[in-house]
Amino acid sequence: MQSNPLDGLHDIIAPSQVSWWPLAPAWWVIIALLFIVICAAAFWFYKNHKFKKPKRYAIDLSKTEQNPLTLHIILKRLVIEYYDKRLAAQSTTNWCNTLNALTGLSFSEQEILSLYNTEQANKELTDKFRQGIKQFKLKESVHV
């Protein structure tokens, strides 16, 4: 007698669950790209924070300072830090034009010259210099 060929078959064994590890190569590419983007963003924020540090320090100094001459010197230091020391050493007319371009305010020669008088400090000029420090433009092309 012939034996049944189905008697030699075994029961179906279900495959085990597919593991999520190791990751597919596409996931490694995505992880690497995300890592690069995060590192680039962190580096950009660090450089930006470091670049703006002198301006933050000048704003902090201007909050406590009451003398307009000292505030004027702080503005000159900002110009030297962010642009060029030759811009801070200009004649009064050119210096006023530079201040006007970089702060968005209008400084006159009379106001700058009044700083060197021995009279009482001018409250309006002090406030104007404070505002100029706050509004100081960091990345501006200066053609004075």
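I started with burial: both Tyr82 and Phe136 are buried (buried is under 20% relative accessible area, exposed over 50%, partly exposed in between, with a 1.4 Å probe and protein chains only). Before going on, I noted that this is a predicted model, where local features need pLDDT of at least 70, side-chain atom pairs count only at pLDDT 80 or more, and totals for chains, interfaces and linings use all residues. Residues are numbered from 1 along each chain as its sequence is written, and side-chain values use heavy atoms, leaving out hydrogens and water.

Next I set the ring rule: rings of Phe, Tyr and Trp (its six-membered ring) pair if their centres lie within 6.5 Å, with planes under 30 degrees apart counted as stacked, over 60 as edge-to-face and the rest as tilted. I get seven aromatic pairs by this rule. Trp21 and Trp28 make an edge-to-face pair, because their planes are at 70° with the ring centres 5.9 Å apart. Trp21 is partly exposed at 48% relative accessible area, and Trp28 is partly exposed too, at 43%.

Then I went back to Tyr82 and Phe136: their pair is tilted, 6.2 Å centre to centre with 40° between the planes. Ring pairs link Phe51, Tyr82, Tyr83 and Phe136 into a cluster.

Last, I checked charges over rings (NZ of Lys or CZ of Arg within 6 Å of the ring centre and within 35 degrees of the ring normal). The charged end of Lys76 is over the Trp95 ring, 4.7 Å from its centre. For Lys128 I found the charged end over the ring of Phe107, 5.0 Å from the centre.
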